[in-house]
Amino acid sequence: MATRRDSVQSLERAFDLLEALAEGGELGVTELAERTGLVPSTAHRLLATLVKRDYVTQNAISGRYLLGYKVVEVASGLEHRLSRLRAAARPHLESVQQATGETANLVILDGDHVVYVDQVEGTRRVRMFTVVGTAALAHTTGSGKAILAYGPPEAVTTLYADREPLERLTPRTLVTLEELREDFRRIRRRGYAIDHEEHEEGVGCVAAPLFDHTGRPCAAISVSGPSARIVDADTAELGALLVEHGGRISEALGYRPEATATAAG
């Protein structure tokens, strides 16, 4: 398993164990070692530390391991922030879905991926939806580009440095920093992002950023569906609708226009 030069190997391995437990439930040392590519002795040593810190618990009868409640405790802070974001965005997702008939999404950025944290499913006969909790490559999605376009320019450089060409999912996927930066300039000019079959062929998406009380982009709302209805139709009208609702959500999160101008630079 390859690791980044600036990573700490023991931490990487411990997180691999936690992620394996999250996917597999209660597992033994041998199973965990096989799933993570670790030798059993190393897995056992790391598990002992995780048990000591309550991130993992060991079944006293079977000797197998499962996630501990400390994981829930640590995640509660994130869940609190997400709950506030969902509460602010939900009425607007419903309004966007009712106005368009298309699936409306609430998305956050997590590293080089976006994660879908809420959704109102469309009512069209042919509709698109992604299961809440799933992730997608940020540079291939309208939501990811909407958030990245308004963040610090150096953050994008750091995120994608030494990784060009970026992963290509379709012939339209943007795979260089130059292509992304040019698209970011277009996004900032019009206020919303477009995914024109960059994540999946035949599927389009329009997204607008959400800003927190510091003026930084914290999430995005989007509408996704078949390209013929999303990108090949009146994209400007849909973009304006999302920008309007995105602005109202941002205000509910404490956004002020002057803060956004400062953050965008």
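S227 lies in helix 8, which covers residues 227–230; helices here are DSSP runs of H or I with at least four residues, strands are runs of E with at least two, and both are numbered from the N terminus. This is a predicted model, in which local features need pLDDT of at least 70, side-chain atom pairs count only at pLDDT 80 or more, and totals for chains, interfaces and linings use all residues. Residues are numbered from 1 along each chain as its sequence is written, and side-chain values use heavy atoms, with hydrogens and water left out.

**Residue S227**
- S227 is buried, with a relative accessible area of 4% (buried means under 20%, exposed over 50%, and partly exposed in between, with a 1.4 Å probe and protein chains only).
- The side chains of S227 and E197 make a polar contact at 2.9 Å (a pair of N or O atoms within 3.5 Å; within protein, one must be able to donate a hydrogen and the other to accept it, and residues adjacent in sequence count only if both atoms are side-chain atoms).

**Cysteines**
- A disulfide is a covalent bond between the sulfur atoms of two cysteines.
- The structure holds 0 disulfides, a disulfide being counted as a pair of cysteine sulfur atoms within 2.5 Å.
- The sulfur of C205 has its closest cysteine sulfur in C218, and the 17 Å between them is too far for a bond.
- C205 is buried at a relative accessible area of 8%, whereas C218 is partly exposed at 25%.

**Helix 1**
- Helix 1 (residues 9–24) has 16 residues and reaches 22 Å from its first C-alpha to its last, close to the 22 Å expected (1.5 Å times one less than the number of residues).
- The buried residues of helix 1 include A14, L17 and L21.
- Among the elements covering the buried residues of helix 1 are helix 2 (29–36) and strand 1 (56–58).

**Helices 5 and 7**
- Helix 5 (residues 142–149) packs against helix 7 (residues 177–190) at an angle of about 80°, with the axes 9 Å apart.
- Helix 5 is therefore roughly perpendicular to helix 7.
- Residues making this contact include A146 and L148 of helix 5, and F184 and I187 of helix 7 (contact means heavy atoms within 4.5 Å).

**Residue D54**
- D54 is found in the loop between helix 3 and strand 1, and is partly exposed at a relative accessible area of 48%.
- Leaving aside neighbours within four places in sequence, D54 is in contact with G68, Y69 and K70.

Definitions and conventions
Axes fitted to C-alpha atoms, helices over the stretch in contact; angles between N-to-C directions. Parallel < 35°, antiparallel > 145°, perpendicular 65-115°, else oblique.
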